[in-house]
Amino acid sequence: MKQGSEDLDRFYRLFLVPGMAHCEGGKGSPNFGQDWIARAPPSSGASNILLDLVEWVENGKGPEVITGASDDGTALRDHCRYPQKSKWDGEKWTCIA
């Protein structure tokens, strides 16, 4: 039985993180609360990938964006769910189709 993208979207989502090294670090904003050093507020699902996953599994609400912090914690950036892309509009990062 062939499944469409909507069926796949119920349990699988891809977020591209420009500037992220292979597993962590890099010049982008690749920190989502996954490191033992809290670079983004751990109480926020928007900046903690584990809390996003818990919300998805327990409440059925999958993330549309994940927010990453820079290595020094000074910059936040939204990373969009594929096939959208994040684009700098001169003031902030936004998701575009």
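How many aromatic pairs does the rule for ring contacts give? The count comes to one aromatic pair, where rings of Phe, Tyr and Trp (its six-membered ring) pair if their centres lie within 6.5 Å, with planes under 30 degrees apart counted as stacked, over 60 as edge-to-face and the rest as tilted.

The model is predicted, with local features requiring pLDDT of at least 70, side-chain atom pairs counting only at pLDDT 80 or more, and totals for chains, interfaces and linings using all residues. Residues are numbered from 1 along each chain as its sequence is written, and side-chain values use heavy atoms, with hydrogens and water left out.

The charged end of R77 sits over the ring of W93, 3.4 Å from its centre. R13 lies over the face of W56, at 5.1 Å from that ring centre.

One disulfide is counted, a disulfide being a pair of cysteine sulfur atoms within 2.5 Å. C80 is joined to C95, with an S to S distance of 2.0 Å. The partners lie 15 residues apart, C80 in strand β2 (residues 76-80) and C95 in strand β4 (residues 93-96); strands (E, at least two residues) and helices (H or I, at least four) are DSSP runs numbered from the N terminus. Because the torsion about the S-S bond is about -95 degrees, the disulfide is left-handed. C80 is buried at 4% relative accessibility, whereas C95 is partly exposed at 29%; buried means under 20% relative accessible area, exposed over 50%, and partly exposed in between (1.4 Å probe, protein chains only).

Note on methods. A charge sits over a ring if NZ of Lys or CZ of Arg is within 6 Å of the ring centre and within 35 degrees of the ring normal.
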